[in-house]
Amino acid sequence: MRCDVTGHRSLPLGASPLPDIRCRFLVFAPSAETVEVRLISPGERVVLLERDGFGYHHGVVDGVKPGARYLYRLDGGKELPDPASRFQPQGAHGPSMVIDPDAFSWMRLGWRGIPLSSYILYELHVGTYTPEGTFDAVIPRLDSLVELGITAVELMPVSQFPGRRNWGYDGVFPFAVQESYGGPEGLKRLVDACHLRGLAVVLDVVYNHLGPEGNHFSDFGPYFRDRYRTPWGSAVNFDGPFSDEVRRFFQENALYWLREFHVDALRLDAIHGIMDFSASPFLSELAGAVRDLRKEEGRMIYLIPESNLNDARIVTPRDEGGYGLDAQWSDDFHHALHTLLTGERDGYYGDFGGIGHLARAFTDGFVYSGQYSAYRKRRHGNPARHLPAERFVVFAQNHDQVGNRLRGDRLSRLASFESLKLAAGVVLLSPFLPLLFMGEEYGEVAPFLYFVHHGDTGLIEAVRKGRKEEFAAFGWKGEIPDPQDEDTFLRSRPDPALRESGNHARLLELHRELIRIRKTDPVLSRTDREGMEVSSFEKENALVVLRRNGPAQATAVFHFGDAPATLTLSLPVGRWGKVLDSSDARWGGPGGAAPERPDPGGGIVCALRPRSFLLLSKSGKENR
């Protein structure tokens, strides 16, 4: 039976419960001439769906209510779960379950989100963040995040993956919430609990590939294109034949998280792996759809991609010729900071290492905005200096930069305690949106390793081999922890008990204080670079960042040198006062060398301890 495809596009994909104990099924499967729904429970039966001319199969089935389990039978043979399954109660290889999207009773009604400029992000992996590894187990820890000053919790991907251990980037059911984490109800409870505490929720989603095990999308239709290859296999079909319907699938998925789960923002994984050379890119269309939803629901919702392209168009408004996404992760900022803290120069770190690189990250957003990259052996990036600072998310650590190391070592294993404090100052006193990785705030020492739980022995060996090849460029030596071994997963759990004692407690308190200052200071609370001046001192290996808000001014001095240094700062005339010195005894340092109140006239002389930062402030009241 031929149907109007626009009519089907107005209906949700997957299984949708209807009144009077009925259920609508809709699946895009142009590769199958016939698709039948095989209902497994309660009671077994098979129902043939109607096929239209565009490859959609559709039907309304009586006697089906939430909780029913089903598979799709393709051309009378292979039986597979629904690509748009809302829940896989028996895992990635089991049947799909019909879910009532309206069954959950939200306690925090009327939540409208928070401004993007207010985001202070905390990235966590649900499976390792607590011993239980569930959404519900995260909830009791939210109050400590609020106390820290966090405003947005960012969850690594939660879509259904094979097994019980995975970073989440091997998801094979984009709409289904991982059953071992607590399924869709568990995620909604966590989101609701966050909103009750004033926390926004960011969800990491993956649109550049699907995982290898349990991925049956190609049996249904051309969801992938062999014309392009990504590091994870064939690229998702965003610009070939049938790509309109594939785009619809992933756009509907994005809106599903924002609308049904009340998520505040989506982190779009590695969009440089989205191969799309169409005149109207998928990402731009997605940004338009989210903008429409923002208006429709009166909520502050955002798209925050990860990209290594250094392409300012990604976060440039659509009416200015860009894609219109809201902010993006800044790997350049991380690399510039990491090399100064650790001295590492292997792999892509070879493009960084000077204090001038960090200065450029502050002033330009990108370090490489058209310059030659020795690592890439070509010019890289385009200018982004015109973009506001809130278009960039910055960090000293995240899951990638920790987990994609040979031993998953955190910064606490690579740098001194003084360097950890310095890293916190650079990130949290920047004008950009700061992100912390779980446990970073108290100097967690447990690694965050790469782990999987595959059932295919050939795939397991391929993963092991791939990890070895990935590390070759960095020259790291030694045995790679086995991704399939459960111990690799268990070793990746942080230990929050560390936060109670010694330098861990001091580092935690420093993070609290920096976030408090960031939120309350009239200069540092702004996420723009208007009036910002950045000066680098190559000899001393130091960076000075002066920021303004009317007459109020703040100056941060970041010293990466391994020996004491003295800087003479040419700051605007006025009564400058010391706000914070990371080398003070309060923060576990050797004792601050900077004067409590620098001289108000002429140059200000700052004596700096190794690996320290100093924050000075001038209210401007003396000039009124």
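**Notebook: aromatic pairs and helix packing**

I began with W257 and F261, both of which are buried (under 20% relative accessible area, with exposed over 50% and partly exposed in between, for a 1.4 Å probe and protein chains only). I note that this is a predicted model, in which local features need pLDDT of at least 70 and side-chain atom pairs count only at pLDDT 80 or more, while totals for chains, interfaces and linings use all residues. Residues are numbered from 1 along each chain as its sequence is written, and side-chain values use heavy atoms, with hydrogens and water left out.

**Rings**

I found 41 aromatic pairs in the structure, a pair being rings of Phe, Tyr and Trp (its six-membered ring) with centres within 6.5 Å, stacked if the planes are under 30 degrees apart, edge-to-face if over 60 and tilted for the rest. One of them joins W257 and F261 as a tilted pair, at 5.0 Å centre to centre and with 50° between the planes. I then looked up F333 and F362, whose ring centres are 5.6 Å apart with the planes at 50°, so this pair is also tilted. The pair links distant parts of the chain, since F333 belongs to helix α9 and F362 to helix α10, 29 residues apart (helices are DSSP runs of H or I with at least four residues, strands are runs of E with at least two, and both are numbered from the N terminus). Both F333 and F362 are buried.

I also checked charges over rings (NZ of Lys or CZ of Arg within 6 Å of the ring centre and within 35 degrees of the ring normal). K188 lies over the face of F261 at 5.0 Å from the ring centre, and the charged end of R267 sits over the ring of W329, 4.1 Å from its centre.

In helix α9 (residues 331-342) I looked up H334, which is buried with a relative accessible area of 1%. Leaving aside residues up to four places away in sequence, H334 touches Y349, F395, A396, Q397 and Q401 (contact means heavy atoms within 4.5 Å).

For helix α10 (residues 355-364) I noted that 7 of the 10 residues are buried, so the helix is largely enclosed by the rest of the structure. These are I355, H357, L358, A359, A361, F362 and D364, and the buried residues of α10 pack against α9, α12 (417-428), β24 (533-537), β25 (542-549) and β26 (552-559). After α10 comes G365, with a positive phi near 85°.
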